[in-house]
Amino acid sequence: MYISGLSSLNMYPLQFYIEDNFLTFYFQLFQKSPSLTPGSVHDKVSQDDDNVDPGHAFPGPSEDENMSPVNKMLTGDMFSSSDGPGRQDTQGVCSHCSRSLAVSDASTQTDMDLLTQAIEKDHQYAMSADSIVTTFSRKQQSNVVQYQPDPSPSMHIQAQEKSVTNNVIMDYEEEVQLDFCDSESEVGEPDNTKDDPDYVQPEDYSSDSDTSECDSEPNDFTICEPVPENPAEQCKFLVFESSLMELFQKCQKNGCSAEVISMQKSLSGSRLIVKTKCAAGCNSVWSSQPTLNKMGAGNLLLSAAVLFSGNTYSRLHDIADHLHMPIVGETQFYNIQRRYLFPIVNETWLSMQTATFSGLCKVQKIVLSGDGRCDSPGHCAKYLTYSLMDEQTGFIVEFTILSTADPNVKNSNAMEPMGLRQCLDSLKGHNINIAVFTTDRHVTIRKIMRVEYPEIVHQFDVWHLVKSIVKKLCAAAKQKGNEAIFEWIQSISNHLWWCAESCGGDAEILIEKWQSLIYHTVGIHSWHDKKKFHQCAHAPLSEEDKRQTSWLRVGSSSHDAVKKAVQDKYLLKDLPHVTMFCHTGQLEMYHSLLLKYAPKRQHFSHEGMVCRTQLAAIDHNYHLGRQQATTKTGEPRYNIVYPKHLGRNKKWVAKTVKERKEYPYREDMMKDVVAMRVHNLEKSHASLPAVNANIARVEKPSKSDVIARTRQNTRFASKQTMPDVV
């Protein structure tokens with residue numbers, strides 16, 4: 001959409017504006033000020049009932065009892081519109097508030113009468129707080145919640161009382177007293193800045209910025225659909241300050257076009273409040289956002305969008321700081337996060353997990369893979385996330401987060417075994433039969449599975465096993481005289497994958513196939529010292545293939561290094577645990593996604609870690625099974641990349657490009673946040689164990705004592721005591 005006169009080239013502070021307030025104010029100003037012509041404005045609204053999902057969208061034109069009469073008229077329920085020649089604009093006036101509305105769809109006097117009646121009814125409709133019913137649902141659980149706009153305050157005017165229209169503009173005389181009540185029958189936009197912790201006191205200043213014309217010619221815009229009632233569904237715009245101030249040159253009061261002589265602007269987080277006074281003595285107040293129980297809708301929705309998208313407040317603050325754009329304050333952001341966002345995410349995850357458990361209970365035997373992920377590199381992690389994934393479907397079925405601040409946790413190394421026990425016990429409590437469980441080669445976990453869970457077949461991850469062998473071969477190839485090993489690293493890695501996949505569950509065949517590598521690397525392809533596997537499975541090599549292959553020499557240092565890695569006793573002991581060809585590749589991909597929501601270089605609270613892990617699990621589970629993306633001609637898309645792994649014999653590889661992700665569940669959560677704020681609902685938080693305030697083992701001393709001791713024991717001399725440099 002393009003609005004004439006709004007320039008996007010002036011570098012002035014930016015502000016969020018929600019669609020209904022901004023457009024309502026703009027159209028009112030346009031009706032009174034012919035000089036501010038927006039071009040061709042078509043008040044034509046079309047909506048296809050077949051495309052409306054009753055579980056996610058607000059009631060459309062078919063919901064007669066929940067639709068404003070003016071909306072019925074504009075959508076064709078009261079009279080049909082035509083775009084034929086000779087149509088004239090008509091205007092209706094409301095007797096309650098003297099509000100006028102210009103509509104170009106009334107071509108007859110009958111239509112004009114219907115329009116006037118619609119405006120009368122629309123005013124009464126806006127006075128009712130029970131007129132809007134919102135029905136929205138989740139994929140796993142349907143909820144019916146009634147959404148009502150924030151009850152507007154009453155306005156007591158000493159000189160005379162005046163009506164307030166459209167929840168945007170408040171008209172009052174010179175001496176004004178605003179009394180904010182909770183009555184559902186009162187209408188207006190409350191000035192709830194005193195109750196907002198991020199409120200900034202008003203400051204008188206005027207903008208002397210010159211507006212510039214856009215580089216391109218203004219385009220006409222068409223309103224395609226009515227503005228949704230729910231703030232979560234409305235469009236938000238970035239409007240430059242200089243462009244916005246153009247709309248406040250004239251008085252906002254209906255019927256008055258006097259010049260504005262004074263203006264006050266104040267901020268409440270991302271919400272802008274403008275108070276003006278014109279030469280005729282009219283005073284008006286305009287707010288850039290609707291309010292939800294005395295909170296700006298932009299502050300609430302912006303906080304929700306930051307968390308739900310996996311971002312952090314510090315990143316948002318950096319972006320807003322570069323744009324000179326006011327946003328919600330840090331304190332209010334974290335208060336909103338604890339009060340509304342954490343419970344909403346927890347409810348969404350529990351509904352998804354409940355559906356997953358109900359499906360797994362019907363399966364006789366399932367195969368799971370588990371792995372731990374620390375919140376920071378090294379051996380000094382504060383949090384560890386242990387996750388379980390169903391290998392058949394790829395779903396994250398359970399996870400737990402442990403903290404070193406927990407008195408039951410001895411150190412960071414003890415968290416992974418504890419997380420394993422908690423996850424497995426949780427699934428057993430839901431009557432889920434685990435047949436096979438795949439992990440890495442953690443020594444403690446190996447003993448736990450053998451002693452505490454003997455009924456579960458314990459398998460090792462092939463990927464971790466291959467990774468350890470490749471690491472040893474790369475270290476050996478870097479030694480002098482072993483450079484020829486680099487040419488064989490990728491083939492040896494592929495050979496172990498093939499051995500695990502083709503052994504058929506027989507550990508003896510797996511070991512013999514693996515040890516055949518000793519013969520193959522020197523050009524020997526048949527032998528007689530094995531019981532079940534006596535020759536290579538590949539086709540006979542031609543003389544040209546034999547000449548082009550860099551065979552190792554028997555007895556050389558390179559061949560001895562390969563032989564040592566193949567016949568390692570710890571490796572041969574672990575090979576029987578990979579006979580079922582289980583690997584945690586998908587789980588590692590999930591850990592990569594988890595970095596988006598919980599990066600390792602930033603600290604989060606315990607509940608914050610749980611919430612962000614829930615968001616990552618929801619994102620992963622929802623987007624399983626995405627198909628490969630295609631070009632416009634229908635060809636499958638690939639991305640050509642160069643591998644990062646060690647080795648000299650690296651080649652460019654083609655990776656498939658998946659379809660873009662869609663996030664409809666985020667829209668549901670945003671609606672839940674609005675409903676939770678409007679109706680003051682309470683939802684359950686994630687159950688967390690009692691942990692210490694920090695990871696310190698000693699009591700926290702006073703700040704002054706720590707500063708004094710630090711200054712006394714520092715090895716760096718202060719600037720005051722440093723000798724002068726000659």
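## Basis of the description

Residues are numbered from 1 along each chain as its sequence is written, and side-chain values use heavy atoms, with hydrogens and water left out. Since the model is predicted, local features need pLDDT of at least 70 and side-chain atom pairs count only at pLDDT 80 or more, while totals for chains, interfaces and linings use all residues.

## Confidence

The mean pLDDT (the predictor's confidence in each residue, from 0 to 100) of the protein chain is 74. A value of 70 or more is reached by 67% of its residues. Over residues 1-108 the pLDDT is below 50. Beyond near neighbours in sequence, this stretch has 282 contacts in the model, a contact being heavy atoms within 4.5 Å. The pLDDT is also below 50 over residues 118-218, a stretch with 251 contacts in the model beyond near neighbours in sequence.

## Overall make-up

The secondary structure of the protein chain comes to 20 helices and 22 strands. Helices (H or I, at least four residues) and strands (E, at least two) are DSSP runs, numbered from the N terminus.

Of the 726 residues of the protein chain, 45% count as buried. Buried means under 20% relative accessible area, exposed over 50%, and partly exposed in between (1.4 Å probe, protein chains only). Among contacts in the protein chain with a separation of 6 or more, 67% are accounted for by residues 24 or more positions apart.

## Helix 19 and its partners

Helix 7 (residues 330-360) and helix 19 (residues 664-678) have axes that come within 10 Å and cross at roughly 130 degrees. Helix 7 is therefore oblique to helix 19. Axes are lines fitted to C-alpha atoms, for helices over the stretch in contact, and angles run from 0 to 180 degrees between N-to-C directions. Angles under 35 degrees count as roughly parallel, over 145 as roughly antiparallel, 65 to 115 as roughly perpendicular and the rest as oblique. The crossing of helix 7 and helix 19 is right-handed; a crossing is left-handed if the near helix is turned anticlockwise from the far one by less than a right angle, and right-handed if clockwise. On the helix 7 side, the contact involves Arg339, Tyr340, Leu341, Pro343, Ile344, Val345, Glu347 and Thr348, which meet Met669, Asp672, Val673, Met676 and Arg677 in helix 19. The residues of this contact divide into eight nonpolar, one polar and four charged. Ala, Val, Leu, Ile, Met, Phe, Trp, Tyr, Cys and Pro count as nonpolar, Asp, Glu, Lys and Arg as charged, and the others, Gly among them, as polar.

Helix 5 also passes helix 19 in a right-handed crossing, with axes that come within 10 Å and cross at roughly 145 degrees. Leu300, Leu301, Ala304, Ala305 and Phe308 of helix 5 make the contact with Arg666, Met669, Met670, Val673, Val674 and Arg677 of helix 19. By class, there are nine nonpolar, no polar and two charged residues in this contact.

## Helices 11 and 12

The axes of helix 11 (residues 489-502) and helix 12 (residues 507-515) come within 9 Å and cross at roughly 160 degrees. The two helices are therefore roughly antiparallel to each other, and their crossing is right-handed. Helix 11 contributes Ile492, His495, Leu496, Trp498, Cys499, Ala500 and Ser502 to the contact, and helix 12 contributes Leu510, Lys513 and Trp514. The contact has seven nonpolar, two polar and one charged residues.

## Strands 21 and 22

Ile640 is placed in strand 21 (residues 638-641), and Ala654 in strand 22 (residues 653-656). Leaving aside neighbours within four places in sequence, Ile640 is in contact with Trp652, Val653 and Ala654, while Ala654 is in contact with Tyr638, Asn639 and Ile640.

The C-alpha atoms of Ile640 and Trp652, 12 residues apart along the chain, are separated by 6.6 Å. Ala654 and Tyr638 are 16 residues apart in sequence and 5.9 Å apart in space, C-alpha to C-alpha.

## Two loop residues with positive phi

Lys294 lies in the loop between strand 15 (283-287) and helix 5 (297-308). Its phi is near 70 degrees, a positive value in a residue other than glycine. Lys294 counts as partly exposed, because its relative accessibility is 35%.

Asn431 is found in the loop between helix 8 (415-429) and strand 19 (434-439). The phi of Asn431 is near 60 degrees, again a positive value in a residue other than glycine. With 66% relative accessibility, Asn431 counts as exposed.
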